Amino acid sequence: MKLLVSNVGSTSLKFKLFEMPAERVLCDARIERVGGDDAIYTYKNCLTGHSERATGCHVPTYTEGIRLFLTDLCSENGAAQSVDEIAAVGFKTVLAKGFYGVHELTDEVLEAMRAYLFVAPAHNGPYLEAIGRFRELMPGAKLVGVFETAFHRTIPPERTMYAVPYEWYEKYGIRRMGYHGASHSYVAETLSEAFGSTGRTVSCHLGGSCSLCAIENGKSVDTSFGFSLQTGVMHADRTGDLDPYVVPYLLHEGMGMDEILEGLAKNGGLRGVSGVSGDLRLVMAAAEEGSKRAALAVDMFVDQIVKYAGAFAAELGGLDNIVFTGGIGENSAEIRRRVCSALAFLGLELDGEANAAPIEGLRQISTVRSAVRALVLPANEELGVARRTYELITK
């Protein structure tokens, strides 16, 4: 069975076609800078090795991007004869009111996504548009949402509830949701396959968006994310955890709500503190050149990761593994070094040479003497979405 996975970002589209249940990747494509005339498009047919890359593409909306990909997919160098060969499209959807697992994207589920547009505007908006286009262009395929909240349904209530009036939970659903479920569940599955068990694990998904997850025996038991994606450790552009009274205070001081939300969601995090960028590489480079604000941003980032990892180790009653994944987790040996050094009190001993080596697949970066196994795992959220989508449509 051919199954397509689409990962929709605020200005990007990623596609991966799988042959299931063999989990063989047939093609891989992405479009960056959706929304104008300077889009970058890459496509690879994994069966033949044929690949292409184009810059300056006219991709003003997701519709043009999806059509561009489907045209190549079914071309002479494509991995399918027709879109009719594709049984389902799986999406790494984020949030829908009342739907927290894996669901066929019916009108009811889409309406539930619209109900939470205010909570996740940068994610739900793009997904709703892309799903609508796939409905038009691939009417014969089942569309499935693998919601980011799905993996966190096993977190016990004492860790999901906020100490707000209980009626807020009953009436408005105010509770800790948890996100990055596709990434953290992939970490759990990979550890189980490699070692027979996940044991007590802290999974660190570090990238433009960051979160930590406490995993015990393959299940999520806590997460740094809360009700929205604004919470937890600081992100590239989002603030992360914040005293809720900051918002009414700023309103009292004369700031408008739109200005405040812009600061929290787009001008906060690494970008806001450093004054340089939301890209950690640029922030670290500025810190090395003497920028005190950039150095402060990096120090804060490491400190917040350590704080959550330490808290989760306490909740788990110890730690067997810490896993780094995501763009920063996979590529920044310095952040891994600083985090592991701070967690040395748990018996974690880093292997400096292994940590500095190029990452290919699951790799241990702790010494054989280390009481905690430190690992790096390249993210593969698309495979997680493909697995959940396949399970749903073949029940």
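Is glutamate 382 buried or exposed? Glutamate 382 is buried, with a relative accessible area of 14%; buried means under 20%, exposed over 50% and partly exposed in between, using a 1.4 Å probe and protein chains only. Welcome to a predicted model, in which local features need pLDDT of at least 70, side-chain atom pairs count only at pLDDT 80 or more, and totals for chains, interfaces and linings use all residues. Residues are numbered from 1 along each chain as its sequence is written, and side-chain values use heavy atoms, with hydrogens and water left out.

**View 1. The surroundings of glutamate 382.** This residue belongs to helix 15 (residues 381-393); helices are DSSP runs of H or I with at least four residues, strands are E runs of at least two, and both are numbered from the N terminus. Beyond its neighbours within four places in sequence, glutamate 382 touches Val5, Asn7, Lys14, Lys16 and Phe18, where contact means heavy atoms within 4.5 Å.

View 2. The whole structure holds 9 aromatic pairs: rings of Phe, Tyr and Trp (its six-membered ring) with centres within 6.5 Å, stacked if the planes are under 30 degrees apart, edge-to-face if over 60 and tilted for the rest.

**View 3. Arginine 373 over phenylalanine 195.** Here arginine 373 lies 3.7 Å from the ring centre; a charge sits over a ring if NZ of Lys or CZ of Arg is within 6 Å of that centre and within 35 degrees of the ring normal.
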